[in-house]
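Work through these exercises with the model open beside you. Try each task before you read its solution.

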Amino acid sequence: MAAAEPSGVRGERRWPMALAVLAAGVLHAFLPEALTWLPNWVYQVVLVVFLLVLIIGDPGRIDRQSAALRVVTGVMIGAITFVNAGVAIRLVVDIVDDATILTSAAELLVAGGVIWATNVIAFALWFWDLD
């Protein structure tokens, strides 16, 4: 049986999670438009809306006492993961089919780096959420 938390102890700080989510949004801006389904700004606005809902719902430190906020957190991280997986699949299909979505090696390297870094952030957020 786990020991009860001492009274007055609050959850962890929110800013590391918020910075990671914002970093995923900023990284997405560096992807070529040809790899994305929607304009890049739509993804960033959705992430900011998710963050605003979480911050308004539980200001200050993260207490995770609300089931609704836990669901919003999971949906937000799931959206980051889903969008990144879709971009990765589109990039792989472009490489395999020898299509011309990416016209230079530099674009290919930037897209691959953005996908990799966003994947690291997404899995870090999953680990943080499920821990």
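**Exercise 1. The whole chain**

What percentage of the 131 residues of the protein count as buried?

Solution. Begin with the ground rules. This is a predicted model, where local features need pLDDT of at least 70 and side-chain atom pairs count only at pLDDT 80 or more, while totals for chains, interfaces and linings use all residues. Residues are numbered from 1 along each chain as its sequence is written, and side-chain values use heavy atoms, with hydrogens and water left out.

Next, apply the cut-offs. Buried means under 20% relative accessible area, exposed over 50%, and partly exposed in between (1.4 Å probe, protein chains only). By that rule, 32% of the 131 residues are buried.

The protein exposes about 8200 Å², by the Shrake-Rupley method with a 1.4 Å probe. Carbon and sulfur atoms supply 72% of that area.

**Exercise 2. The elements**

Find how many helices and strands the protein has, and their order.

Solution. Helices (H or I, at least four residues) and strands (E, at least two) are DSSP runs, numbered from the N terminus. The count is 4 helices and 0 strands. From the N terminus on, the order is α-α-α-α.

Now look at contacts, meaning heavy atoms within 4.5 Å. Take those with a separation of 6 or more: 73% of them join residues 24 or more positions apart.

**Exercise 3. The nonpolar cores**

Which residues have the most contacts inside the largest nonpolar core?

Solution. A nonpolar core is a set of buried Ala, Val, Leu, Ile, Met, Phe, Trp, Tyr and Cys residues joined through side-chain atoms within 4.5 Å. The largest has 18 residues, and Met17, Val21, Met76, Ile80 and Leu125 have the most contacts inside it. α1 (15-29), α2, α3 and α4 (105-130) each give two or more residues to this core. Apart from it lies another core, of 8 residues, including Leu91 and Leu102.

Zoom in on Ile80. Leave aside its neighbours within four places in sequence. Ile80 then touches Val21, Ala24, Tyr43, Leu47, Thr118, Ala122 and Leu125.

**Exercise 4. Two neighbours in sequence**

Are Asn84 and Ala85 buried or partly exposed?

Solution. Asn84 lies in helix α3. Asn84 counts as buried because its relative accessibility is 8%. Beyond its neighbours within four places in sequence, Asn84 is in contact with Ile115, Thr118 and Asn119.

Ala85 is also placed in helix α3. Its relative accessibility is 35%, so Ala85 counts as partly exposed. The C-alpha atoms of Ala85 and Thr118 are separated by 9.7 Å, and the two lie 33 residues apart along the chain.
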